[in-house]
Amino acid sequence: MNQADLPLLNALQTQASRPYAPFHTPGHKQGRGAPPELVALLSTQGLRADLPELPELDNLFAPQGPILAAQELAAEAFGADQTWFLANGSTSGVIAAIAATCGPGDRLILPRNVHQSAIAGLVVSGATPVFVAPVYDPAQGLAYGLDPEAIAQALVDHPQTKAVLIVSPTYEGVCADVAAIAAIAHRHGVPLIVDEAHGPHFAFYPELPPSALAAGADLVIQSTHKILSALTQAAMLHLRGDRVMPRRISQALQLVQSTSPNYWLLASLDAARHQMATEGPARMAAAIALARRAREQLQALPGLSLLEPPPVPQPGFAALDLTRITVDVTQWGFDGFAADQRLHEAFGVTAELPTLRRLTFLVTLGNTDADIEALVQGFHRLAAEASAPLVPAPWQPLEADGPLARSPREAFFGSQTTVPLAEAVGTISAATVCPYPPGIPVLLPGERITPAAVRLVQEVLAAGGFVTGCGEEADPRVNVLQESL
């Protein structure tokens with residue numbers, strides 16, 4: 001095998017082209033029973049490749065054939081000792097990584113601004129979270145990564161910790177000092193899990209931040225679909241070193257992955273790996289050149305402020321992924337949601353992430369010169385509609401006020417009732433409530449609800465954002481523990 005091989009994709013193509021009488025799932029039988037509208041959308045050949053775990057296509061939970069070969073090639077390409085394909089997104093990888101390293105009552109150190117998948121991992125595993133506040137930049141109103149010294153102190157304060165989990169990069173592309181954090185965790189004998197959902201491209205170009213695997217992380221979860229060319233929901237979990245047993249990871253993944261994985265997703269992971277292994281440096285060089293051009297032209301517009309890397313690495317901000325363009329629009333009188341709506345509906349430019357102050361745009365190997373021109377022209381047209389600067393409300397990152405009132409697992413399975421969000425202050429949340437994107441919770445199961453948390457949810461809803469976990473936007477309600485009323 002070499003990196004030019006495509007074992008899983010080729011096996012799927014071969015099986016899809018083989019004539020036989022299918023008496024297996026899915027029910028559309030290679031498209032022959034599919035509605036014509038679906039055939040028109042996905043093509044006859046595409047539906048022929050929608051196949052189950054046939055002998056020729058291997059088994060995701062016990063791979064011995066093309067899936068195993070494809071995963072081994074991926075491990076080599078991304079710098080892992082072993083790689084697992086994920087057909088349920090990075091969400092399943094984060095949950096499995098927590099379940100593989102922590103059991104009921106075990107302590108897990110992690111930042112307060114984790115993705116909601118980490119909270120699901122706490123519920124599944126029964127682990128007790130030890131939240132560490134991320135570095136906060138009041139001038140930018142942004143939370144960055146974790147300070148290695150804060151991790152070191154948390155490990156001293158909680159010597160029975162079983163694992164450390166960090167998010168790097170953040171949605172805006174801010175990277176923590178993963179190497180320093182890995183060294184600290186390993187000195188204390190615990191593995192480092194990195195939610196690197198937005199950094200699968202780091203291994204393929206020297207001007208990008210170092211990958212978490214290269215920096216010494218033990219378990220790394222990447223959303224191959226977010227930045228590379230895999231299909232939506234396709235991701236990878238990588239292992240390096242011997243601090244976590246591979247069998248534990250496989251066991252945990254069986255809790256959160258379907259026994260009927262979609263082979264389109266799995267084959268797309270094989271294809272995305274092949275593309276990066278054979279063309280990665282050239283592809284990433286082109287993407288970075290496009291991002292630089294957009295950045296330079298946007299910086300020339302008066303009043304726009306772009307997130308830039310610090311002159312020297314700072315705690316929580318060791319590097320910035322320059323394929324991310326994060327723009328503060330408040331000096332033009334817009335909040336991020338209003339600017340996003342205008343760019344999307346009127347100017348044909350769609351951001352990845354709108355927030356109260358900013359828009360974040362992802363430049364990947366799929367973008368073109370025309371996309372960059374549309375982005376820049378969209379901002380020129382938005383500039384013509386600028387008004388008096390918008391003064392954003394002061395914002396501080398939400399932090400757990402000491403230990404949670406209940407563990408996430410206890411709260412999730414506890415006796416619950418629903419109350420209006422505005423009346424929930426002082427009660428114990430039984431829900432995960434988070435603006436989406438980026439899916440970072442404002443309320444956690446087991447956390448006592450504070451006025452600041454309620455205010456933040458109300459601000460996001462008032463600005464036109466979308467929040468999950470609190471019912472209808474016109475009448476937001478939240479599930480709380482009955483005992484806390």
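**View A. Glu207 and its salt bridge with Arg292**. Glu207 is partly exposed at 45% relative accessibility, a class that lies between buried (under 20% relative accessible area) and exposed (over 50%), as computed with a 1.4 Å probe on protein chains only. The structure is a predicted model, in which local features need pLDDT of at least 70 and side-chain atom pairs count only at pLDDT 80 or more, while totals for chains, interfaces and linings use all residues. Residues are numbered from 1 along each chain as its sequence is written, and side-chain values use heavy atoms, with hydrogens and water left out. Arg292 is likewise classed as partly exposed, at 38% relative accessibility. The closest N and O atoms of Arg292 and Glu207 are 2.3 Å apart; a salt bridge requires a side-chain nitrogen of Lys or Arg within 4 Å of a carboxyl oxygen of Asp or Glu. Arg292 belongs to helix α11 (residues 263-299) and Glu207 to the loop between β8 (192-195) and β9 (219-222), so the contact ties together parts that are 85 residues apart in sequence. Helices (H or I, at least four residues) and strands (E, at least two) are DSSP runs, numbered from the N terminus.

**View B. The salt bridge between Arg295 and Glu308**. In this pair the closest N and O atoms are 3.4 Å apart. Arg295 is in helix α11, whereas Glu308 is in the loop between β11 (305-306) and β12 (319-320), and the two residues are 13 residues apart. Arg295 is buried, at 7% relative accessibility, while Glu308 is partly exposed, with a relative accessible area of 30%.

**View C. The salt bridge between Arg112 and Glu447**. The structure holds 13 salt bridges, one of which joins the side chains of Arg112 and Glu447 at 3.1 Å, N to O. Arg112 is located in the loop between β2 (107-111) and α6 (116-125), and Glu447 in the loop between β17 (434-435) and α15 (451-462), so this pair ties together parts that are 335 residues apart in sequence. Arg112 is buried at 3% relative accessibility, and Glu447 is also buried, with a relative accessible area of 9%.

**View D. The aromatic pair Phe78 and Phe204**. Five aromatic pairs occur in the structure. Because the ring centres of Phe78 and Phe204 are 5.2 Å apart and the planes stand at 90°, this pair is edge-to-face. Rings of Phe, Tyr and Trp (its six-membered ring) pair if their centres lie within 6.5 Å; planes under 30 degrees apart count as stacked, over 60 as edge-to-face and the rest as tilted. Phe78 lies in helix α4 (residues 66-78) and Phe204 in the loop between β8 and β9, 126 residues apart. Both Phe78 and Phe204 are buried.

**View E. The aromatic cluster of Trp332, Phe361 and Phe379**. The rings of Phe361 and Phe379 have centres 5.8 Å apart and planes at 70°, so they form an edge-to-face pair. This pair links strand β15 (residues 358-362), which holds Phe361, to helix α13 (residues 369-383), which holds Phe379, the two being 18 residues apart. Phe361 is buried with a relative accessible area of 6%, and Phe379 is buried with a value of 0%.

**View F. Arg18 over the ring of Tyr20**. The charged end of Arg18 sits 4.5 Å from the centre of the Tyr20 ring; this assignment requires NZ of Lys or CZ of Arg within 6 Å of the ring centre and within 35 degrees of the ring normal.
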